[in-house]
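Me: Please look over the structure shown below with me, and let us work through a few questions about how it is put together.

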Amino acid sequence: MVFSEIMYNFNKGVVLITGAARGIGEAASHAFAQSNTKLVLVDIDLEGLKNLKNQLISKMDQKDIFIIKTDVSDPNDVEKMTEQAIKYFGEINILFNNAGINNRIPLADVSYEIWKKMMSVNLDGIFLIAQSVGREMIKRRKGKIINTASMSGFIVNENLNDGVYCTTKAAVVMLTKALAVEWAEYNIQVNAIAPGYTETPLVKRLLENPKIHKELVERTPMHRLAEPHEIAKAVLYLASSDTTYITGHTLVIDGGYIIW
Ligand SMILES: NC(=O)c1ccc[n+]([C@@H]2O[C@H](COP(=O)([O-])OP(=O)(O)OC[C@H]3O[C@@H](n4cnc5c(N)ncnc54)[C@H](O)[C@@H]3O)[C@@H](O)[C@H]2O)c1
(Lines give C-alpha, C1' and ligand atoms only; values in the text may rest on other atoms or scores of the structure.)
Protein backbone atom coordinates (compact mmCIF):
# COMPACT_ATOMS: atom_id res chain seq x y z
CA MET A 1 0.00 0.00 0.00
CA VAL A 2 1.54 3.30 -1.07
CA PHE A 3 0.10 6.69 -0.23
CA SER A 4 0.67 9.06 -3.12
CA GLU A 5 2.06 11.89 -1.06
CA ILE A 6 3.57 12.21 2.38
CA MET A 7 0.75 13.85 4.27
CA TYR A 8 2.38 14.86 7.54
CA ASN A 9 5.72 14.93 9.29
CA PHE A 10 5.41 13.60 12.84
CA ASN A 11 9.10 14.25 13.60
CA LYS A 12 9.82 10.69 14.77
CA GLY A 13 6.85 10.70 17.17
CA VAL A 14 5.89 7.28 18.56
CA VAL A 15 2.53 6.01 17.30
CA LEU A 16 0.87 2.95 18.84
CA ILE A 17 -1.74 1.26 16.62
CA THR A 18 -4.03 -1.58 17.76
CA GLY A 19 -5.65 -3.93 15.27
CA ALA A 20 -2.68 -3.08 13.06
CA ALA A 21 -2.36 -6.41 11.24
CA ARG A 22 -5.06 -5.79 8.65
CA GLY A 23 -7.85 -3.54 7.42
CA ILE A 24 -8.01 0.04 8.69
CA GLY A 25 -5.17 -0.48 11.20
CA GLU A 26 -2.91 -1.80 8.46
CA ALA A 27 -3.71 1.17 6.19
CA ALA A 28 -3.02 3.58 9.05
CA SER A 29 0.29 1.80 9.74
CA HIS A 30 1.37 2.40 6.13
CA ALA A 31 0.29 6.04 6.25
CA PHE A 32 2.12 6.72 9.52
CA ALA A 33 5.17 4.81 8.21
CA GLN A 34 5.38 7.34 5.36
CA SER A 35 5.06 10.26 7.77
CA ASN A 36 8.30 10.12 9.78
CA THR A 37 7.14 8.15 12.83
CA LYS A 38 8.24 5.30 15.06
CA LEU A 39 5.61 2.58 15.26
CA VAL A 40 4.33 0.20 17.92
CA LEU A 41 2.11 -2.27 16.06
CA VAL A 42 -0.30 -4.29 18.21
CA ASP A 43 -2.62 -7.17 17.32
CA ILE A 44 -3.56 -10.69 18.43
CA ASP A 45 -2.43 -11.88 15.01
CA LEU A 46 1.37 -12.18 15.31
CA GLU A 47 1.85 -13.56 11.79
CA GLY A 48 -0.10 -10.60 10.40
CA LEU A 49 2.14 -8.21 12.37
CA LYS A 50 5.29 -9.89 11.04
CA ASN A 51 4.00 -9.60 7.46
CA LEU A 52 3.16 -5.95 8.00
CA LYS A 53 6.61 -5.24 9.47
CA ASN A 54 8.21 -6.81 6.38
CA GLN A 55 6.17 -4.52 4.14
CA LEU A 56 6.96 -1.41 6.17
CA ILE A 57 10.72 -1.97 6.18
CA SER A 58 10.84 -0.46 2.67
CA LYS A 59 9.38 2.76 4.08
CA MET A 60 11.19 3.17 7.39
CA ASP A 61 14.08 2.03 9.54
CA GLN A 62 13.53 -1.49 10.92
CA LYS A 63 14.53 -0.42 14.43
CA ASP A 64 11.69 2.12 14.42
CA ILE A 65 9.09 -0.66 14.18
CA PHE A 66 8.17 -2.63 17.31
CA ILE A 67 5.52 -5.36 17.05
CA ILE A 68 3.74 -6.83 20.06
CA LYS A 69 1.16 -9.62 20.15
CA THR A 70 -1.53 -8.42 22.56
CA ASP A 71 -5.16 -9.16 23.27
CA VAL A 72 -6.63 -5.70 23.90
CA SER A 73 -9.38 -7.22 26.05
CA ASP A 74 -6.90 -8.75 28.52
CA PRO A 75 -5.79 -6.25 31.20
CA ASN A 76 -2.54 -8.15 31.95
CA ASP A 77 -1.62 -8.33 28.28
CA VAL A 78 -2.33 -4.62 27.87
CA GLU A 79 -0.19 -3.63 30.86
CA LYS A 80 2.72 -5.75 29.61
CA MET A 81 2.34 -4.26 26.14
CA THR A 82 2.57 -0.68 27.39
CA GLU A 83 5.57 -1.54 29.59
CA GLN A 84 7.38 -3.14 26.65
CA ALA A 85 6.59 -0.25 24.30
CA ILE A 86 7.80 2.32 26.83
CA LYS A 87 10.93 0.27 27.50
CA TYR A 88 11.67 0.19 23.75
CA PHE A 89 10.84 3.75 22.69
CA GLY A 90 10.67 5.67 26.01
CA GLU A 91 7.32 7.33 25.22
CA ILE A 92 4.09 7.05 23.23
CA ASN A 93 2.89 10.26 21.58
CA ILE A 94 -0.07 9.09 19.52
CA LEU A 95 -2.50 6.21 20.09
CA PHE A 96 -4.73 4.86 17.33
CA ASN A 97 -7.03 2.68 19.46
CA ASN A 98 -8.62 0.68 16.70
CA ALA A 99 -8.99 -3.10 17.27
CA GLY A 100 -12.59 -4.31 17.01
CA ILE A 101 -14.75 -7.30 16.08
CA ASN A 102 -18.30 -7.98 14.92
CA ASN A 103 -20.71 -10.85 15.24
CA ARG A 104 -24.11 -10.44 13.63
CA ILE A 105 -26.74 -12.16 15.80
CA PRO A 106 -30.25 -10.89 16.65
CA LEU A 107 -30.54 -9.53 20.20
CA ALA A 108 -33.20 -12.15 21.02
CA ASP A 109 -30.76 -14.95 20.17
CA VAL A 110 -27.31 -13.71 21.10
CA SER A 111 -25.72 -15.61 23.99
CA TYR A 112 -24.40 -13.77 27.02
CA GLU A 113 -20.92 -15.16 26.15
CA ILE A 114 -20.95 -13.51 22.72
CA TRP A 115 -22.38 -10.27 24.18
CA LYS A 116 -19.51 -10.23 26.72
CA LYS A 117 -16.89 -11.05 24.07
CA MET A 118 -18.07 -8.16 21.88
CA MET A 119 -18.12 -5.77 24.84
CA SER A 120 -14.72 -6.97 26.03
CA VAL A 121 -12.96 -6.30 22.71
CA ASN A 122 -14.90 -3.30 21.36
CA LEU A 123 -15.44 -1.39 24.61
CA ASP A 124 -13.24 -2.82 27.41
CA GLY A 125 -10.37 -3.07 24.91
CA ILE A 126 -10.69 0.60 23.94
CA PHE A 127 -10.85 1.57 27.64
CA LEU A 128 -7.95 -0.66 28.77
CA ILE A 129 -5.62 0.52 26.00
CA ALA A 130 -6.62 4.19 26.44
CA GLN A 131 -6.09 3.99 30.22
CA SER A 132 -2.78 2.15 30.04
CA VAL A 133 -1.25 4.32 27.29
CA GLY A 134 -3.05 7.42 28.61
CA ARG A 135 -1.31 7.08 32.00
CA GLU A 136 2.03 7.37 30.20
CA MET A 137 0.78 10.42 28.29
CA ILE A 138 -0.44 11.97 31.55
CA LYS A 139 3.09 11.63 33.00
CA ARG A 140 4.45 13.57 30.01
CA ARG A 141 1.54 16.04 29.85
CA LYS A 142 1.06 15.45 26.12
CA GLY A 143 -0.72 13.09 23.76
CA LYS A 144 -3.23 12.46 21.02
CA ILE A 145 -5.67 9.55 21.13
CA ILE A 146 -7.93 8.47 18.28
CA ASN A 147 -10.47 5.75 19.11
CA THR A 148 -12.26 3.77 16.42
CA ALA A 149 -16.01 4.00 16.87
CA SER A 150 -18.27 3.55 13.83
CA MET A 151 -21.21 5.19 12.11
CA SER A 152 -22.97 2.27 13.83
CA GLY A 153 -22.50 4.23 17.05
CA PHE A 154 -25.11 6.68 15.70
CA ILE A 155 -27.52 4.46 13.77
CA VAL A 156 -28.79 0.89 13.94
CA ASN A 157 -27.64 -0.87 10.80
CA GLU A 158 -30.75 -1.80 8.82
CA ASN A 159 -31.53 -5.55 8.59
CA LEU A 160 -28.05 -6.66 9.71
CA ASN A 161 -28.63 -7.82 13.30
CA ASP A 162 -25.86 -5.51 14.46
CA GLY A 163 -27.49 -4.53 17.79
CA VAL A 164 -24.59 -5.61 19.99
CA TYR A 165 -21.99 -4.02 17.69
CA CYS A 166 -23.93 -0.74 17.50
CA THR A 167 -24.21 -0.66 21.29
CA THR A 168 -20.44 -1.13 21.75
CA LYS A 169 -19.69 1.62 19.23
CA ALA A 170 -22.14 4.11 20.78
CA ALA A 171 -20.30 3.50 24.07
CA VAL A 172 -16.97 4.30 22.38
CA VAL A 173 -18.41 7.66 21.25
CA MET A 174 -19.31 8.51 24.87
CA LEU A 175 -16.05 7.14 26.31
CA THR A 176 -14.20 9.42 23.88
CA LYS A 177 -16.05 12.46 25.26
CA ALA A 178 -15.50 11.41 28.87
CA LEU A 179 -11.76 10.85 28.34
CA ALA A 180 -11.48 14.17 26.49
CA VAL A 181 -12.98 16.01 29.46
CA GLU A 182 -10.88 14.26 32.11
CA TRP A 183 -7.57 14.49 30.24
CA ALA A 184 -7.80 17.98 28.72
CA GLU A 185 -5.86 19.33 31.72
CA TYR A 186 -2.97 17.00 30.80
CA ASN A 187 -2.78 18.36 27.25
CA ILE A 188 -4.19 15.12 25.83
CA GLN A 189 -6.73 15.35 23.01
CA VAL A 190 -9.07 12.40 22.65
CA ASN A 191 -11.11 12.03 19.48
CA ALA A 192 -12.72 9.20 17.54
CA ILE A 193 -13.44 8.19 13.98
CA ALA A 194 -16.74 6.72 12.86
CA PRO A 195 -16.19 4.94 9.55
CA GLY A 196 -18.99 3.82 7.27
CA TYR A 197 -18.76 0.54 5.35
CA THR A 198 -15.08 0.09 4.50
CA GLU A 199 -13.62 -2.68 2.31
CA THR A 200 -11.73 -4.73 4.93
CA PRO A 201 -11.71 -8.38 6.04
CA LEU A 202 -14.17 -7.44 8.83
CA VAL A 203 -16.99 -6.91 6.34
CA LYS A 204 -15.70 -9.19 3.56
CA ARG A 205 -18.34 -11.87 4.05
CA LEU A 206 -21.14 -9.30 4.23
CA LEU A 207 -19.98 -7.52 1.08
CA GLU A 208 -19.62 -10.79 -0.82
CA ASN A 209 -23.41 -10.90 -0.88
CA PRO A 210 -24.10 -8.95 -4.13
CA LYS A 211 -27.59 -7.91 -3.01
CA ILE A 212 -26.34 -6.42 0.26
CA HIS A 213 -23.35 -4.81 -1.45
CA LYS A 214 -25.62 -3.15 -4.03
CA GLU A 215 -28.06 -1.94 -1.36
CA LEU A 216 -25.30 -0.42 0.76
CA VAL A 217 -23.78 1.36 -2.23
CA GLU A 218 -27.18 2.67 -3.33
CA ARG A 219 -27.97 3.93 0.16
CA THR A 220 -24.71 5.86 0.36
CA PRO A 221 -25.08 9.40 -1.05
CA MET A 222 -21.57 9.13 -2.57
CA HIS A 223 -22.59 5.78 -4.16
CA ARG A 224 -19.55 3.81 -3.10
CA LEU A 225 -18.01 2.22 -0.01
CA ALA A 226 -14.79 3.44 1.63
CA GLU A 227 -11.26 2.21 1.01
CA PRO A 228 -9.17 1.72 4.18
CA HIS A 229 -6.68 4.42 3.11
CA GLU A 230 -9.48 7.01 3.14
CA ILE A 231 -10.15 6.24 6.79
CA ALA A 232 -6.41 6.25 7.58
CA LYS A 233 -6.05 9.78 6.19
CA ALA A 234 -8.63 11.07 8.67
CA VAL A 235 -6.74 9.36 11.50
CA LEU A 236 -3.53 11.14 10.52
CA TYR A 237 -5.37 14.44 10.39
CA LEU A 238 -6.68 13.99 13.93
CA ALA A 239 -3.21 12.89 15.10
CA SER A 240 -1.47 15.83 13.43
CA SER A 241 -0.44 19.19 14.81
CA ASP A 242 -3.14 20.74 12.56
CA THR A 243 -5.77 19.73 15.11
CA THR A 244 -4.88 21.76 18.19
CA TYR A 245 -8.42 22.63 19.33
CA ILE A 246 -10.45 19.49 18.58
CA THR A 247 -11.25 17.13 21.43
CA GLY A 248 -14.10 14.77 22.32
CA HIS A 249 -15.18 14.79 18.69
CA THR A 250 -16.19 11.76 16.64
CA LEU A 251 -15.47 12.33 12.96
CA VAL A 252 -17.96 10.49 10.75
CA ILE A 253 -16.36 9.23 7.53
CA ASP A 254 -19.22 7.53 5.72
CA GLY A 255 -19.78 9.07 2.27
CA GLY A 256 -22.94 10.62 3.74
CA TYR A 257 -24.58 7.33 4.77
CA ILE A 258 -26.06 8.55 8.06
CA ILE A 259 -27.35 11.85 6.70
CA TRP A 260 -30.71 10.32 5.90
N1 LIG B 1 -14.68 -2.16 8.02
C2 LIG B 1 -15.73 -1.43 8.31
O3 LIG B 1 -16.69 -1.32 7.53
C4 LIG B 1 -15.78 -0.67 9.61
C5 LIG B 1 -16.74 0.34 9.76
C6 LIG B 1 -16.80 1.05 10.94
C7 LIG B 1 -15.92 0.78 11.97
N8 LIG B 1 -14.99 -0.21 11.81
C9 LIG B 1 -14.09 -0.45 12.94
O10 LIG B 1 -12.77 -0.25 12.53
C11 LIG B 1 -11.89 -1.04 13.32
C12 LIG B 1 -11.00 -1.85 12.41
O13 LIG B 1 -11.85 -2.65 11.62
P14 LIG B 1 -11.39 -3.36 10.26
O15 LIG B 1 -12.51 -3.24 9.33
O16 LIG B 1 -10.05 -2.91 9.89
O17 LIG B 1 -11.38 -4.87 10.81
P18 LIG B 1 -10.43 -6.11 10.48
O19 LIG B 1 -11.14 -7.29 11.01
O20 LIG B 1 -10.02 -6.07 9.07
O21 LIG B 1 -9.14 -5.80 11.40
C22 LIG B 1 -9.26 -5.78 12.80
C23 LIG B 1 -7.93 -6.16 13.41
O24 LIG B 1 -8.10 -6.18 14.84
C25 LIG B 1 -7.47 -7.34 15.36
N26 LIG B 1 -8.11 -7.75 16.62
C27 LIG B 1 -9.33 -8.31 16.79
N28 LIG B 1 -9.53 -8.60 18.07
C29 LIG B 1 -8.42 -8.21 18.74
C30 LIG B 1 -8.01 -8.28 20.10
N31 LIG B 1 -8.81 -8.80 21.05
N32 LIG B 1 -6.80 -7.79 20.43
C33 LIG B 1 -5.98 -7.26 19.50
N34 LIG B 1 -6.29 -7.20 18.19
C35 LIG B 1 -7.50 -7.67 17.82
C36 LIG B 1 -7.64 -8.39 14.27
O37 LIG B 1 -6.68 -9.45 14.41
C38 LIG B 1 -7.45 -7.56 13.01
O39 LIG B 1 -6.09 -7.51 12.60
C40 LIG B 1 -12.79 -1.89 14.22
O41 LIG B 1 -12.89 -1.27 15.48
C42 LIG B 1 -14.12 -1.85 13.51
O43 LIG B 1 -15.20 -2.07 14.36
C44 LIG B 1 -14.89 -0.93 10.66
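**Ligand shell and helix packing**

Reply: In this predicted model, helix 1 contributes three residues to the shell around the ligand, the most that is given to this shell.

Me: Which helices each supply at least two residues of the shell around the ligand?

Reply: The ligand is surrounded by 30 residues, of which the closest are G19, G23, G100, T200 and L202. By class, this shell comprises twelve nonpolar, 14 polar and four charged residues. The helices that each supply at least two residues of the shell are helix 1 (23-33) and helix 4 (112-140).

Me: Are helix 4 and helix 5 roughly parallel or roughly antiparallel?

Reply: The axes of helix 4 and helix 5 (residues 163-183) come within 9 Å and cross at roughly 15°. Because angles under 35 degrees count as roughly parallel, the relation of helix 4 to helix 5 is roughly parallel.

Me: How many residues of the contact of helix 4 with helix 5 are nonpolar?

Reply: The contact includes W115, M118 and F127 of helix 4, together with V164, Y165 and W183 among those of helix 5. Its residues divide into one charged, three polar and, as the nonpolar count, 15.

Me: Is the crossing of helix 1 and helix 8 left-handed or right-handed?

Reply: Helix 1 packs against helix 8 (residues 228-239) with axes 8 Å apart and an angle of about 60°, and the two helices are therefore oblique to each other. As for handedness, the crossing in which helix 1 passes helix 8 is right-handed.

Notes: Residues numbered from 1 in each chain as written. Predicted model: local features only at pLDDT ≥ 70, side-chain atom pairs only at ≥ 80, totals over all residues. Near = placed C-beta within 6 Å. Helix = DSSP H or I, 4+ residues; strand = E, 2+ residues; numbered from the N terminus. Nonpolar A, V, L, I, M, F, W, Y, C, P; charged D, E, K, R; others polar. Axes fitted to C-alpha atoms, helices over the stretch in contact; angles between N-to-C directions. Parallel < 35°, antiparallel > 145°, perpendicular 65-115°, else oblique. Contact = placed C-beta atoms within 7 Å. Left-handed = near helix turned anticlockwise from the far one by under 90°.
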